[in-house]
Amino acid sequence: MPNIAQFEKAGKPAVLILFEDQDECLKQGALLLGVPHIRRVYCSRTGNGAEDAARITRPLINALTIPLTSKECESGKWEVPDKRVLFEGTLDEAEEFYERAERVPVLGNAYMSLYTDGMAIKLPTEERVQAMLKGTSHKPDEVITLQSDHTPREMGVGGKKGAPVRFEPLKRRATVEKVAVNAVMAGCRSEYMPILLAIAEAGGGGGDGRGSLGFCVTGPIAKEIGMNFDVGMLGPKNQANRSIGRAAELMWCNLGGNIPKVTSCGIMGNPLFNCFPENIDALPPGWKGVNEEYGFKRNESAIYVIGMRGGPPGSFTFHSTEFGPGGYRTFQKSGGGSIATRLGKDGIQGPHNWLEYEIPSFWAGKEGGFNFIILPEMAQHLYESGFKSKDEVYEWLYKASFIPFKEYKIKAAVGWHAGAYHPIEKTSGKPWDQIPDDYMVPLVDDPYENCIIVAGGGEETSHWVNGRTPNADPAYGIDVWR
Amino acid sequence: MADKVYKFLNPLGIQDSVTLYPLALRLDRLNGKNIMFNMLVQVESELLIPLQKILRNNYPEVHWNMRESGPPISEDEIRNSDALIQGVAF
């Protein structure tokens, strides 16, 4: 998109080819770049490509040659006033005001809330917001900025220390007070504010505008505020887990201006409502917490953003173990059952490396690493079966991901990995078209695309979602926001 | 209590003002013009690859710069182009 604006501002005509269903988002993006009337030609999501190309050829040329309309010649300024007090009235009147919704034509006339996530909120009176602000020493009018350098983890997210955070998709800014307003609305307590401000520093729940992020609290603050890291940590009943996750989504909606299909082009959305904590105390000996993996000390707290590397943007999916908990216990306790048979461990008592059983399902349809959420005793089994650090697990997963190139090149997303973004096969240093079919290539670019979070409780299963980008920086300090 | 009037604060982010520009004047002719065709992503596009071929065949008087995804478009590339077709969909 910036290319288009650069061309138009340089006096050179430009035209975009896009899908019609993305048009509202494109118009918003063009407005933010100062060229709201950018010309667009729509192609088909389903039609034959060559026929579609023939159909749009003339319209493309027309877009570059037909003289401008008077509207397209307009210039000016787009300004949105920022009022600190949005509404004055009784509680009943305010409830009606904040819970208003509008029909959105491009969503089949579905209702979209103007100020909420669709649920009832706690009304943000000035007094409640002031009470919320007691949870941080930062001034209410302080603009949210990066507290340290952050290598971009997604488009538009990251930058140098001190840079104002731009909340996507509308690239808005926010103050500490505005974060507190959203915190009140989400039902948070004031002691959650340092976590919420760290999430705000990470761009809120919007990421690059398409949302679908998960947030993990790593470090002692999780226990200080009573988060649930055990059975049901992704479910209801814990105020911190649920309301912090909700506040992140409200930041995406309110600070960032998310309206699906109008300002942001996502897919399904995010079924993960909760923020959840890592159970640092349950880590096997020698295993680092996620906070330590990113240079924090064990007693320092951070928020770890689980993004969408290797997966479709705007859609967050959990995968889980293919074995039943009873089968898992039998395997570990006595070497019984089908897991032991597949792994050649019949009759051999554990602890065994259970990840070996999961290998065929990890990369069944895709490439890339994963964020694993692993129960404490299952992490302990990995430790006792020989992995004395998380790094050793990451390395083992990387090595286990190698497959022959002839299989690799028929994976669904191979264009992203073996195409122009990565013209050279990493392990050989050769261009992809020189790689023989029987050459073994990794499905994980780097061992550190994987990340282990020890958390959860109850029956023995593990869960995984898309992995992380090595060398990016998805961890944001919480203590600096106290 | 129910009739007490409160002030309720604004949860929306701060939108910086944006200067709006008119579109660039369109091309008065195609003959001899340098038009960049930029593919935003490099994938096996059912649409953009045949489109490149049709544009070349139907408009041979244009100097086409068929650019694949890669480094950002440079100032020099913009200076040396007369127009841009950008493929966002693929």
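A: Happy to! Let's start at A:V217, which stands opposite A:I303 in β11(A). This is a predicted model, in which local features need pLDDT of at least 70, side-chain atom pairs count only at pLDDT 80 or more, and totals for chains, interfaces and linings use all residues. Residues are numbered from 1 along each chain as its sequence is written, while chains are lettered from A and ligands numbered from 1 in the order in which they are written.

The pairing joins β9 (residues 214-218) of chain A to β11 (residues 302-306) of chain A, antiparallel and with 5 bridges. Helices (H or I, at least four residues) and strands (E, at least two) are DSSP runs numbered from the N terminus, and two strands pair if DSSP finds at least two bridges between them.

Step back, and 4 strands of chain A make an open sheet of mixed pairing, ordered β10-β9-β11-β20. At its edges stand β10 (276-277) and β20 (475-477) of chain A, each with a single partner strand, so one side of each has no neighbour in the sheet.

Pairing also crosses between chains: β4 (residues 85-89) of chain A runs antiparallel to β1(B) over 4 bridges, and there A:E88 has B:K7 as its bridge partner. The contact as a whole takes 81 residues from chain A and 52 from chain B (residues count as in contact if their C-beta atoms, placed from the backbone, lie within 7 Å). On the chain B side, β1 (6-9), β2 (18-20), α1 (48-58) and β5 (83-87) are the elements giving two or more residues. That side divides into 30 nonpolar, 13 polar and 9 charged residues.

Finally, the helices. In chain A, the axes of α6 (residues 176-186) and α7 (residues 193-201) come within 10 Å and cross at roughly 115° (axes are lines fitted to C-alpha atoms over the stretch in contact, with angles from 0 to 180 degrees between N-to-C directions). The two are therefore roughly perpendicular, a label that covers 65 to 115 degrees; under 35 is roughly parallel, over 145 roughly antiparallel and the rest oblique. From α6(A), A:V176, A:V179, A:A180 and A:A183 meet A:M193, A:L196, A:L197 and A:A200 of α7(A). The residues of this contact are 8 nonpolar, with no polar and no charged ones.

How values were computed. Two residues are in contact if their C-beta atoms, placed from the backbone, lie within 7 Å. Ala, Val, Leu, Ile, Met, Phe, Trp, Tyr, Cys and Pro count as nonpolar, Asp, Glu, Lys and Arg as charged, and the others, Gly among them, as polar.
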